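Subject: Structure handover

Hello,

Here is the structure you asked about.

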Amino acid sequence: MRDETVISARLLEWYDRHARDLPWRVGPAERAAGRIPDPYRVWLSEIMLQQTTVAAVAGYFHRFTARWPTVEALAAARDEDVMAEWAGLGYYARARNLLGCARAVAARGGFPTTRETLLTLPGIGPYTAAAISAIAHDSPETVVDGNVERVVARLFAVRTPLPAAKPELVRLAASLTPQRRAGDHAQAMMDLGATICTPRSPACGICPVVDLCRARALGIAAELPARAAKTPKPRREGIVWVGTTPDAALPAAILPAAVLLERRPARGLLGGTLAFPSTGWDGSDQGPPGDADWRELGKVRHVFTHFQLDLTVMAGVLMGQPRRGQLIAQSEFDPAALPSLMRKVWNRAKDQG
DNA sequence: AACCCGTGGGT
DNA sequence: TACCCAAGGGT
C-alpha cells in the first residue's frame, strides 16, 4: 500500500477517536450515521476561522447563529448590526463580504455545492471553497490551510520556505486526499496540526503517523515549515478624540450624555467599523472633530498585522456642534460594538475621564 | 506577486 | 518584551 494511503487511513482512524468537539462540527460518529452538516453553519464558521483561533470564534459563532439562524435571516440583516456583532473579531472585510455572500446566496436560493461555484462568492477563496465542499458535501477536494501546510511540510520534509513552497505543498496534500470521507480527512489534518503537529514542540510521541514522517526521521520536524524572513514592523503615531456632551440633568463630570463617533470608510483599515474620530495614523490628516478644551489622557498602544500604533487619546466636552461624526446617546452606546483598538481608547477615556 | 488587512493567546 | 501565528481573501 502507498504511504499516502496509509497516512490517510491512519488519520481517519485517529480522527474517529480524537476529533475535537466543536460547536459547528458534525463529529465522525454522527457523520457516519448520515447526519449532513448545515452548509450555512459550515460557511459561517469557516469565514470566522480565517486567520482566527477556535477559542476566539466560539462565542461569535453562537451569537451569530442565535441571532441569524439561517442564511436568509443573515441576508436580511442591517449592515450596522452585522458590523456591531462582528466587532472585536478583526479583519472587518470578512464581515462586509459575509453580508455580500449571504445576500448572493439567498438570492440564488441556497449555497452552491461545488468548489468552483463557491469560489465565485465574496469572501470565499481557495481554502474556504474546498473546505465547504469537502465538509458539507464530502466532495474529494483538497483543503489546505496553515495546519495542512505544516503537517505536509513535515511529513514530506519540504525545506523550501513559504510562501514559495505553497504549490508543492498543495500537490503533496492532494496526494493524501481520499475519495471517501474527504470532509473528515480535511478536519483530521487540521485537528492533527492544531493538537499534535503544532508549530513549536510538536507531540511526535503520540502522533498516529510518526513512523511515516520524514522530517521526524531527519530530526527537523520542529523547524518546518521554513518561512521567508519577515520585515520588521514599523511604528505609527496618531491622535484620537473622545468627545462628549454635558448632561442637562447631571453634573458633566459624572456622566456624559452623548459620545462623538463616526463610521469609518467602507474599505481599508477598520473599514466600515464604528470609531472615535482620529488622524495621522491611517493616511488621514484632520483636526479635532469639534471645539472643546481637549486634554491629553495618555497613549494607547495597538499592534496591527503590519505596523504598531501609538495613539494619543484626547478627551473633551464639546462646545457647540461637532464638525464631523455623529453623537450617540450614552444610553445607546455599546463599547462592545467597537473594534478592539477603539474599545481600548474608550476604556482609557472612561478610566481617566 | 506583494502588500494590505485585526486580534489575542502562547512562549 | 518581542515575536510567532491562527480553518486566508482581496487587490
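**Pockets and cavities**

The second largest pocket holds about 630 Å³ of space. A pocket is an open set of points on a 1 Å grid over the protein atoms alone, with protein on both sides within 12 Å along at least five of seven lines; a cavity is a set where a 1.4 Å probe fits but cannot get out; lining residues have an atom within 4 Å of a point. Grid points are joined across faces, edges and corners, and a volume is the space filled by probe spheres set on the points.

This is a predicted model, in which local features need pLDDT of at least 70 and side-chain atom pairs count only at pLDDT 80 or more, while totals for chains, interfaces and linings use all residues. Residues are numbered from 1 along each chain as its sequence is written, chains are lettered from A and ligands numbered from 1 in the order in which they are written, and side-chain values use heavy atoms, with hydrogens and water left out.

Where does the second largest pocket lie? Domain 1 (3–142 + 168–200) and domain 2 (235–352) both contribute to its lining, so it lies between them; the domain bounds come from an automatic or database assignment. Of its 21 lining residues, G90, Y91, V303, F304 and T305 lie nearest the centre.

The largest pocket has a volume of about 1,100 Å³. It is lined by 42 residues, with L49, T52, D145, G146 and N147 nearest its centre. Helices (H or I, at least four residues) and strands (E, at least two) are DSSP runs, numbered from the N terminus.

Among the 15 residues that line the largest cavity, R154, C197, C204, C207 and C213 are the closest to its centre. This cavity has a volume of about 110 Å³, and α10 gives the most to its lining, with three residues. The second largest cavity has a volume of about 60 Å³. Here α12 supplies the largest share of the lining, four residues.

Regards
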